[in-house]
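Reader: I have the coordinates open and would like to talk through a few features before I set anything up. Could you take me through them?

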Amino acid sequence: MERARLSFVVFFLLYLVAKNHAADSTVEAYWKMKLGNTPMPKAIKANVQHGTKIINGSTVLQEAITVNIYKCGSTEERVINDDTITSLFFSEKDLSVGQNMNLHFPKSLGESAFVPRHVVESIPFSSGKLDQILALFGVKKESPAAGTIKETIERCQMNETMKNENYCATSLESMIDYVAANLGNKVTALSSVIPKDTSMQSYSVLEVKKLGDERSAISCHRSSYPYTVFICHKRPSTVPYMVSLVGKDGMMIEAAAVCHEDTSEWSPEFVAFQVLKVGPGSPVCHFIYQYNVLWVRGN
């Protein structure tokens, strides 16, 4: 009875969010209150506007199952052979005008939406309540979508034990608070701008802009979930960049990127070390997917 009541309450709240678009004005007002006139990047704006995509978790996750940067500490063959992952790593010396790089920017994740914080706080989000969560979002227990939900929750719970360096943002308000607490209220939010889905091809570097200074960047990576969840991390000695690229087919891309100068505590198994043929302690750079967000201090 209690489970049925909770299910009804949650779906009624989600229905109101989708029908009235109240979430749009609420989160946008919170953004402006905390961050002033900081422009909202496409990676965030899209998840504010897609309010109708939060009801059927199974449908969303069928579109959204992906491998992201958080799964790269692995030697699994599926990761090593996935060029949407391996091609995004590069050395800092590659950031020079005229340099050619073979890259494959992956297809964007399926649509989902930010849910207001007061609604999110009423929805279960823990491994111990996985069966209840799957039932709430209409996801079968043995489906690939169920495995993706489980993995996202487990990564979020793991991040809770890693103090301030990692944070799981289950609402836009919570992500804003995390960024403001670490970088202040004068920040810039960036995401890569990729006009269309691409295949592996050669790109030439047209321009490189270093943004901010070391220790001034936070990366937030979107995870697959029925509503929008970002896993954010702040790493020491991280240098942010915006890189202008032109593909062999003429397509122009503005790509956000970071270079991690200190990788001494990273796992030797991390796939970037295999791609770049280096080991822990060596700088590692990577581009940011278009559905992720790079935050830097300053406007």
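This is a predicted model: local features need pLDDT of at least 70, side-chain atom pairs count only at pLDDT 80 or more; totals for chains, interfaces and linings use all residues.

Reader: Fine. Is Phe 125 buried, partly exposed or exposed?

Author: Phe 125 has a relative accessible area of 23%, so it falls in the partly exposed class.

Reader: And how many aromatic pairs are there in total?

Author: The count comes to 15 aromatic pairs. One of them joins Phe 125 and Tyr 225 in an edge-to-face arrangement, with 5.2 Å from centre to centre and 65° between the planes.

Reader: Which residues do ring pairs link into a cluster?

Author: Phe 89, Trp 266, Phe 270 and Phe 273 are linked in that way.

Reader: Switching to the sheet: what is the strand order?

Author: Five strands make up an open sheet in the order 3-7-6-11-4, and their pairing is antiparallel. Strand 3 (166–169) and strand 4 are at the edges with a single partner strand each, so one side of each has no neighbour in the sheet. From one strand to the next, the twist averages 20°.

Reader: How many bridges hold strand 6 and strand 7 together?

Author: Five bridges pair strand 6 (residues 217–223) with strand 7 (residues 229–233) in the antiparallel sense, and Ser 219 has His 233 in strand 7 as its bridge partner.

Reader: What about strand 4, which residues cover its faces?

Author: In strand 4 (residues 187–190), Val 187 and Ala 189 lie on one side and Thr 188 and Leu 190 on the other, and all of these are buried, so that both faces are covered. Strand 4 runs antiparallel to strand 11 (residues 293–297), to which four bridges join it, and Val 187 stands opposite Arg 297.

Reader: Last topic, His 286: buried or exposed?

Author: His 286 counts as buried because its relative accessibility is 3%, and it is placed in strand 10 (residues 284–287).

Reader: Which side chain does it contact?

Author: The side chain of His 286 makes a polar contact of 3.3 Å with that of His 260.

Terms used:
Residues are numbered from 1 along each chain as its sequence is written. Side-chain values use heavy atoms; hydrogens and water are left out. Helices (H or I, at least four residues) and strands (E, at least two) are DSSP runs, numbered from the N terminus. Buried means under 20% relative accessible area, exposed over 50%, partly exposed in between (1.4 Å probe, protein chains only). A polar contact is a pair of N or O atoms within 3.5 Å; within protein, one must be able to donate a hydrogen and the other to accept it, and residues adjacent in sequence count only if both atoms are side-chain atoms. Two strands pair if DSSP finds at least two bridges between them. Axes are lines fitted to C-alpha atoms, for helices over the stretch in contact, and angles run from 0 to 180 degrees between N-to-C directions. Rings of Phe, Tyr and Trp (its six-membered ring) pair if their centres lie within 6.5 Å; planes under 30 degrees apart count as stacked, over 60 as edge-to-face and the rest as tilted.
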